[in-house]
Amino acid sequence: MNDTRTVFDGITRDNTVLSALMVISPVIVCGNTLKNAVAMIYAFSAITFFSVMISSFVPKRLPYAVKITIYAVISSLIYIPVRLLAQEFYPDSISRIGIYYPLLAVNSLIVFQTEAKFFRMKKLRMTASLFFYIAGFDIVMLITGIVREFLAYGTINSRMTDFDTLISGLAEPFGGFIFLGLFCGIYRRIRSAVMQSRDIRSDGNVSDK
Amino acid sequence: MFLINDLIMFLAADLVLMQALGTSTLFIAAGSKKNLVGTAVVITVFTTAGSAAAYIIDSLLPEKYSVLTLLFYTVTVGILYLILLSALYFISRDKFERSRKYVHVSAFNCAVMGTLFTVSGKAAQNSSMMNVGRYALAGFEAGLGFVLAALILTAAYRRLSSAKVPASFRGSPAMLIYIGIISMAVYSLR
């Protein structure tokens, strides 16, 4: 069987949130407005990218548990400047997001996927793949923030719209669970339809030969 | 009646149902009885011991350096992680082999780190919580909350993963919706 993995898998086939179910707590709880979503995207992208890149220099010979602890400590150190900058750029969102901001620093993409996935790749491919895994989270967070804010508050980026059939529960964590469950199901349906059509096309190519 | 009120209060404080902390680990725990016991025990050990250690950090770290809290919590959980693995290794190699995956999954987990921050936040609002016993108790309760949420999910796990559920929603999407409905019920009872 051919290995059809690409660097884009983090967005399409193996989405960080919708497929791997990683980093779902911030999406469920904080992804209820666009402003929160943007603040989370900034923090997640900066912390994850720099943490994984720096962690890639940690000696591979160390025991697994020691390496995991070092990765978590590195991301906690990266969190400090990211947090200080966020206080300048997103002061309102920081207080609303609360404990979910520091929790981004110990996300599964940094702590576990580094060993299981990224550090098995060559540096250039790892950087590209990491970029798309981060983008996978960012896209889901952005869509979730826009849709939930629109349906729950009738606003987009705090600007009023004409939409007046509001589902206020979507702004709550239980609404986040249900929304993410539906989002995951739709994503899987689309993904399987795309993969089926690809298979049919590749079968057709083979029979043509 | 008191028991029901206590149960509702306990559910309303549940970190998984109300704050979505440790949801992906919950799916692992609910997969089998063995996973449930292993993950629940290890997470409860981490939340209890971690919360006790968080008390020391909170009492010693000056307010103006609060941005360093995460770093100290991470170092603390890292030390607990290494101690627990070493203890298992020296107690019995067999136990180490069987249990280490639960330790790996539980250590740097939103449920554990989230508990430390939640307990610390509660103590900041209520000074009567500012002692090591109350911190450890709150951590232990958070661990029990995880067990309760895992039991609720275990009850429906097989059905939500069965062939009767449409393929796109089978497994984790259906479980997320199920937890959402339970969470909505608890939210309405608060």
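**Figure 1. Chain A and its secondary structure.** Chain A of this predicted model contains 9 helices and 2 strands; helices are DSSP runs of H or I with at least four residues, strands are runs of E with at least two, and both are numbered from the N terminus. Along the sequence, the elements of chain A follow the order α-α-α-α-α-α-α-α-β-β-α. Its C-alpha atoms occupy a box of roughly 55 × 50 × 25 Å along the principal axes. Of the 209 residues in chain A, 43% are buried; a buried residue has 20 or more other C-beta atoms within 10 Å of its own, an exposed one 12 or fewer, and a partly exposed one a count in between, with C-beta atoms placed from the backbone. Among contacts between residues at least 6 apart in the sequence of chain A, 73% join residues at least 24 apart; a contact here means C-beta atoms, placed from the backbone, within 7 Å. Because the model is predicted, local features need pLDDT of at least 70 and side-chain atom pairs count only at pLDDT 80 or more, whereas totals for chains, interfaces and linings use all residues.

**Figure 2. The loop between strands E1 and E2 of chain A.** Zoom in on the loop between strand E1 (155-156) and strand E2 (159-160) of chain A, and you will find A:Asn157. Its phi is near 55 degrees, a positive value in a residue other than glycine. A:Asn157 is partly exposed because 13 other C-beta atoms lie within 10 Å. A:Ser158 sits in the loop between E1 and E2 of chain A as well, and has a positive phi of about 70 degrees although it is not a glycine. A:Ser158 has 10 C-beta neighbours inside 10 Å, so this residue counts as exposed.

Figure 3. A:Phe183 counts as partly exposed because it has 19 C-beta neighbours inside 10 Å. Apart from neighbours within four places in sequence, A:Phe183 is in contact with A:Leu18 and A:Thr144. A:Met121 is 62 residues away from A:Phe183 along the chain, and their C-alpha atoms are separated by 30 Å.

**Figure 4. Where chain A meets chain B.** The contact draws on 38 residues from chain A and 35 residues from chain B. On the side of chain A that touches chain B, two or more residues each come from helix H1 (24-30), helix H3 (64-89), helix H5 (100-103) and helix H9 (173-208) of chain A. H9(A) supplies the largest share of that side, 13 residues. The residues on this side of chain A comprise 26 nonpolar, 8 polar and 4 charged; nonpolar means Ala, Val, Leu, Ile, Met, Phe, Trp, Tyr, Cys and Pro, charged means Asp, Glu, Lys and Arg, and the others, Gly among them, are polar. The model scores ipTM 0.90 and pTM 0.90.

**Figure 5. The largest nonpolar core.** How many residues does the largest nonpolar core have? The count is 113, and the residues with the most contacts inside this core are A:Met40, A:Ala43, B:Met113, B:Phe146, B:Ala150 and B:Leu153. Such a core is a set of buried Ala, Val, Leu, Ile, Met, Phe, Trp, Tyr and Cys residues joined through C-beta atoms within 7 Å. Helix H8 (residues 132-160) of chain B gives the most to this core, 11 residues. Setting aside neighbours within four places in sequence, B:Leu153 is in contact with B:Leu26, B:Ala30, B:Met175 and B:Ile179.

**Figure 6. Helix H5 of chain B and its surroundings.** Chain B has 9 helices and 0 strands, and this view picks out helix H5 (residues 69-91). At 1.5 Å a residue, its 23 residues should span 33 Å, which agrees with the 33 Å between its end C-alpha atoms; the expected span is 1.5 Å times one less than the number of residues. Buried residues in H5(B) include B:Leu70, B:Tyr73, B:Val77, B:Gly78, B:Tyr81 and B:Leu88. The buried residues of H5(B) pack against H3 and H5 of chain A, together with helix H4 (33-60), helix H6 (93-107) and helix H7 (110-125) of chain B. Among the elements of chain B, H5(B) has the highest mean pLDDT (93) and helix H1 (residues 2-12) the lowest (73); pLDDT is the predictor's confidence in each residue, from 0 to 100.

Definitions and conventions:
Residues numbered from 1 in each chain as written. Chains lettered and ligands numbered in written order. Contact = placed C-beta atoms within 7 Å.
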